[in-house]
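Subject: Structure handover

Hello,

Here is the structure I said I would pass on. Please open it next to this email and follow along; my notes come after it.

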Amino acid sequence: MQDRYDFKAIEGKWQKIWADENAFRTTEDYDKKKYYVLEMFPYPSGKLHMGHVRNYSIGDVIARFKKMDGYNVIHPMGWDSFGLPAENAAIKHGIHPFVWTNDNINDMHNQLNSLGLSYDWDREVATCKPDYYKWMQWIFIQFYKKGLAYKKDQAVNWCPDCQTVLANEQVVDGCCERCKTPVTKKYLSQWYLKITEYADRLLNNLDTLPGWPDKVKTMQKNWIGRSEGAEVSFKIDGTDKDLVVYTTRPDTLFGVTYMVLSPEHPYVKELTAGTEYEEAVNAYVAEAARKSEIERTSLTKEKTGEFIGYYCVNPVNGKKVPIYISDYVMMDYGTGAIMAVPAHDQRDFDFAKVFGLDIIPVVDVPDVDLDNLQEAAVAEGTMINSGQFTGMNNREAIKEIIKWLEAEGIGKKTVNYKLRDWLISRQRYWGTPIPMVYCEECGWVPEKEENLPVLLPTDVKFTGKGDSPLTTSETFKDTVCPCCGKPAHREIDTMDTFLDSSWYFLRYCDAKNDKLVFDSKKVNYWMNVDQYIGGVEHAILHLMYARFFQMVMYDLGLCEYEEPFKNLLTQGMVIKDGAKMSKSLGNVVSPAEIQDKYGADTARLFILFAAPPEKELDWSDDGVAGSYRFLCRVYTLIYDYITKIKGDTTEFGKIEIRNEADKKLNYKINATVKKVSEDVGGRFNFNTAISSIMELVNEMYKYKSNAEMNLPLFNDAITKLLIVLNPFVPHITEELWAELGHEDRLYQVTSWPEFDESALVLDEVEIIVQINGKLKDKLVLPNNTDKEVVEAAAKGLEKIKAELDGKELVKSIVVPNKIVNFVVR
């Protein structure tokens, strides 16, 4: 055994042993309790960053701990490997996306292994490979058969730079989430998934997920946006048409003074065609199409619009009100038309002021001068100017007005959602081909399942301009109809890559199955995921879509669980110098550099010790160096011990506590096991678990200097130290475990140490003494000393006397056996 900590030799040695022994391969054991720990799989960009290291280190600690605690642990890894970066690389470097992606996968595979992560690589998946996307296509066809996939023409979000469609969730502040280009609208025929059919289940099931952060559940609730209101029909004067609107405030119907259509509403062109209003309206529609959604719906934007020459008849009072178009009304929410009540809605108020329209209050809001409104009165109150409903509380009036509307046949109670169906078509090459065929006779039909996968062609050109590269293939588009056999053509759009990541956790359970999407028996054993780990930025997109897919799989009878992830941990970002690491700021720290200088175990230890996992982690070079020094201390401690006993532990018998030093060490051993067990096994407070291990090492150094060292007790301390430290730093602990002469590997240990409650009772305890919450001194007293005695002893300390002199003592706080805090002023 070397006398110094040579991390490069140790880490290389154990990574090879683990690979040779296939150390982390997992198989189903239906008689054993299971645990599924999963970190969100990465896009193979080629390089790991510190955010990756943090995410994967957290998961690895949990996986190793649960295995040692007797669970059958599945801990897989794979690659979310379709996407635009590979296509851009093809354009820039003249290399096929598969080659670029596969090279990156190989590089990142090696980087992950270099961190000592305990992945079962036999379960590896890559979404860009045919053995995965074959089943992605099969799933799409099941959605289609179930009526959950359909195609329609609609104005969609269009990124001019990426030359592709974006789902609503991929538009952030009016810009493409990837390239930040302002998003416009474009009319295209696109494929959608009916996620709206699952809106209520997606919302209601959130209450069954106590292991999810409230913040994430709130974000999903807000995105689903369930509201209750009424649909109301307004007759369009002079036509046989009704204009249907959705409102959450039917109590304000008597205050409607105009109507507004979205510029995309089909009535707009129909009603203005050939009229004097057509030219101005068409110009406005074209201008609205060039604006992003965020621009159109901004509350600070000056309201614009055009009168279309028609009026609606208000069904509650018979008054005629003009119809406008305006870009602040969106076609994809509600019905694409609104009734405008400027007295009680700020956007309507602003519009009415610009166009000189009537403002009629119908709810008497307390402390508001309704005769001189300077802004909309949006609060609750008593109904006024509202016919038979005048005098009622407006909340009660909502129910009564809906009943009246239903009785008159001009409206109905309705539930509405902000959630829109999922637009999944993408005008890209590097994605899963949509397995649909168009035939003049049969229309759109799915490819035969026995013909899957529909492979991506290789005879394509990557120019970065115009339509999808799939349009350049001479072999892909033309085919025959799966139903009638006549000439037909394939869909040339590919799927949104979020589909690929919406079920990968299921495929991990049976990754090599070439006959089925997965074996339901295996899925029902492993699922649902016990602990899922990833960034909060995925709260709406990935996590919502994955829940939707799981529910559909459940409905198809493929699995027993409706929800995919039992518990969710959203780790915080790694920052440096107060900002997120980025090349432009010059504050990026490379994991490879840290590993080369200090080793993977040091990188893991620091990133787990520096902050609780859900909080931001502020990078500290000094903190990294400190973690390395701690590992050197552990190595030296055990090296000295092995040298002392010369590897012979045969004389060690039953542990006997012989003196006060033994008792203190035994207390610290058991306290540490208890602390680590609780912090890793339940709370995931890795930083405090590591802190307790560091305290144990300090106590062992103190004890080692004892001339009468109790070797059986010290050997117990070392054994338990290595076991509880192993999930955090697996390489050095495996090495030291082997040097101690153990025949098994630490990764094979399936019995987490227990702690002795009786050993946690001390004759004396150290009590911290604070003034206004700041540490000033310490004192040692018998265990469970009365509060009055503790307070008096603390006041008797010389430092405390000096601090209290001349100050008013407001109160004394005594926490038995722990703290005394004097509050002074």
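Lys521 lies over the face of Tyr30, 4.6 Å from the ring centre. A charge is said to sit over a ring if NZ of Lys or CZ of Arg is within 6 Å of the ring centre and within 35 degrees of the ring normal. Arg633 is placed in this way over Tyr701, at 4.3 Å from the ring centre.

Before going on, note that this is a predicted model, in which local features need pLDDT of at least 70 and side-chain atom pairs count only at pLDDT 80 or more, while totals for chains, interfaces and linings use all residues. Residues are numbered from 1 along each chain as its sequence is written, and side-chain values use heavy atoms, with hydrogens and water left out.

Aromatic rings

A pair of aromatic rings is described by the distance of the centres and the angle of the planes. Rings of Phe, Tyr and Trp (its six-membered ring) pair if their centres lie within 6.5 Å; planes under 30 degrees apart count as stacked, over 60 as edge-to-face and the rest as tilted. The count by this rule is 53 aromatic pairs. One of them joins Phe65 and Trp752, edge-to-face, at 4.7 Å centre to centre and with 75° between the planes. The two residues are 687 apart in the chain: Phe65 is in helix α2 (residues 50–68), and Trp752 is in the loop between α23 (730–739) and β29 (764–771). Helices (H or I, at least four residues) and strands (E, at least two) are DSSP runs, numbered from the N terminus.

Tyr429 is buried, with 1% relative accessibility.

Ring pairs also link Tyr258, Tyr277, Phe307, Tyr311, Tyr324, Tyr328, Phe351 and Phe355 into a cluster.

Strands

Tyr258 belongs to strand β10 (residues 258–261), which is covered on both faces: Tyr258 and Val260 on one side, Met259 and Leu261 on the other, are all buried. In a regular strand the side chains alternate between the two faces of the sheet. Two strands pair if DSSP finds at least two bridges between them. β10 pairs with β13 (residues 337–340) in the antiparallel sense over 4 bridges, and Tyr258 stands opposite Ala340 there. With β12 (residues 320–325), β10 pairs in the parallel sense over 3 bridges; Leu261 has Ile325 as its bridge partner in β12.

Elsewhere, 4 strands make an open sheet with antiparallel pairing, in the order β20-β19-β22-β21. Its edge strands are β20 (443–446) and β21 (478–480), each pairing on one side only. β21 is joined to β22 (residues 487–490) by 3 bridges in the antiparallel sense, and Thr479 has Ala488 as its bridge partner in β22.

Cysteines

How many disulfides are there? A disulfide is a pair of cysteine sulfur atoms within 2.5 Å, and the count by this rule is 0. The sulfur of Cys159 has its closest cysteine sulfur in Cys179, at 3.5 Å, which is too far for a bond. For Cys481 the closest cysteine sulfur is in Cys442, 3.7 Å away, again too far for a bond. Cys159 is buried at 0% relative accessibility, and Cys481 is buried at 3%.

Two helices

Helix α18 (residues 600–609) is mostly covered, with 9 of its 10 residues buried. Among them are Arg604, Leu605 and Phe606.

Lys704 is in helix α21 (residues 686–704) and is partly exposed, at 27% relative accessibility. Leaving aside neighbours within four places in sequence, Lys704 is in contact (heavy atoms within 4.5 Å) with Leu637, Asp640, Met709 and Phe714. Lys704 and Tyr641 are 63 residues apart in sequence, and their C-alpha atoms are 8.6 Å apart in space.

Regards

Note on methods:
Buried means under 20% relative accessible area, exposed over 50%, partly exposed in between (1.4 Å probe, protein chains only).
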